[in-house]
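Student: I'd like to get to know this fold piece by piece. Can we go through it with questions?

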Amino acid sequence: LAGILAAAFLYLTIAPIYHSQAELLIQYVPEASSLSAQEGGSKVIMPDPGGAGIINVEIQILTSLDVAREAATNIGAATILAGVAGLANSSNVDAAAAFIQKNLEAVPADRGSAVIKVTLQHPNRLVVQPLLQEVIKHVFLRSHPNAAVEDLFGNLGLIAVALFAVGVLILIAGLRERAAFKDRPIAMRE
C-alpha cells in the first residue's frame, strides 16, 4: 500500500519531461577533389577525414548561448519558462537562454557521420518542438531570414494532396481506357 501511495505521489508531483529530437545532415564539402591549389604555391586546407572538425564546430554553434538567447527572444522567455520549477513566472531572456542551453544536447550520430542528433527537453509538450525548430532555424537558415523550418522538413500535407490528385488522375485514365476498350469491336485473326 505504501508503494502505491508513493507512486501516486510521485506521479502527481513530478512534472513529465518531453523530448524533441531532430537529425541534421551537415553538408560540409561537396567534392574534395574539386578543390585545387591556386597558382603561386598557395595551399588548400582540406577538412579532416569525415569532417569531424566541421561537425564539432556546428555542434558548438548549435549549443551556444547566443543561439539559445535568439531562440528565447523569438519564442518568448515567459513561454519557455512557464512550467519550469522556480522560473515559472519569469520573463528573463537570459534565464530562458540558460534553460535552453542546459536542456539542449547535440552529438554526432555516428563516428565519421555527417549527421548531428539534436535533442531538447522541456516540461511543456506544446513548447518543446517549436523551441527546437527555432534553434535549428536560427543556426541552419541564418542566411535565409524569410525561410521557414518547414522548408527543411518538407510540407507533408501538400505532398499528400498531390499524391491523392495523381491517384485520381490514374484512376480516371484507367476508367477511360477500359471504356474505350469495351467499345471496340473484337478483331478475329484467321
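Student: Okay, where does Glu58 lie?

Tutor: Before that, a word on the ground rules: this is a predicted model, where local features need pLDDT of at least 70, side-chain atom pairs count only at pLDDT 80 or more, and totals for chains, interfaces and linings use all residues. Residues are numbered from 1 along each chain as its sequence is written, and side-chain values use heavy atoms, with hydrogens and water left out. Helices (H or I, at least four residues) and strands (E, at least two) are DSSP runs, numbered from the N terminus. With that numbering, Glu58 belongs to residues 52-62, helix H2.

Student: Is Glu58 buried or exposed?

Tutor: Buried means under 20% relative accessible area, exposed over 50%, and partly exposed in between, with a 1.4 Å probe and protein chains only. Leaving aside neighbours within four places in sequence, Glu58 is in contact (heavy atoms within 4.5 Å) with Ile26, Ile116, Val139 and Phe140. Its relative accessible area is 15%, so Glu58 is buried.

Student: How many helices and strands does the protein chain have?

Tutor: From the N terminus on, you can read the elements as α-β-α-α-α-α-β-β-α-α-α. The secondary structure comes to eight helices and three strands.

Student: What is the order of the strands in the sheet?

Tutor: The sheet is open and has three strands, with antiparallel pairing. Its edge strands, each pairing on one side only, are E1 (18-25) and E2 (104-108). On average, neighbouring strands are turned by 20 degrees against each other, direction ignored. The order is E1-E3-E2.

Student: How many bridges pair E1 and E3?

Tutor: Strands of a sheet pair through backbone hydrogen bonds, either parallel or antiparallel. Here two strands count as paired if DSSP finds at least two bridges between them. One place to look is Tyr18, which stands opposite His122 in E3. E1 and E3 pair in the antiparallel sense, and the number of bridges is eight.

Student: And which residue of E3 stands opposite Ala106?

Tutor: E2 and E3 (residues 115-122) pair in the antiparallel sense over five bridges. Val107 stands opposite Lys117 in E3. Opposite Ala106, you'll find Val118.

Student: Which residue takes a positive phi in the hairpin of E2 and E3?

Tutor: This hairpin has six residues between the strands. The phi in question is near 80 degrees, and the residue is Gly112.

Student: How many residues of E3 are buried?

Tutor: E3 has eight residues, and it is largely enclosed by the rest of the structure. For the protein chain of 190 residues, 25% count as buried. In E3, the number of buried residues is six.

Student: Now the helices. At roughly what angle do the axes of H3 and H6 cross?

Tutor: Axes are lines fitted to C-alpha atoms, for helices over the stretch in contact, and angles run from 0 to 180 degrees between N-to-C directions. The axes of H3 (residues 65-75) and H6 come within 9 Å. They cross at roughly 125 degrees.

Student: Last one: how are H3 and H5 set against each other?

Tutor: Their axes come within 8 Å and cross at roughly 120 degrees. H3 and H5 are therefore oblique to each other.

Terms used:
Angles under 35 degrees count as roughly parallel, over 145 as roughly antiparallel, 65 to 115 as roughly perpendicular and the rest as oblique.
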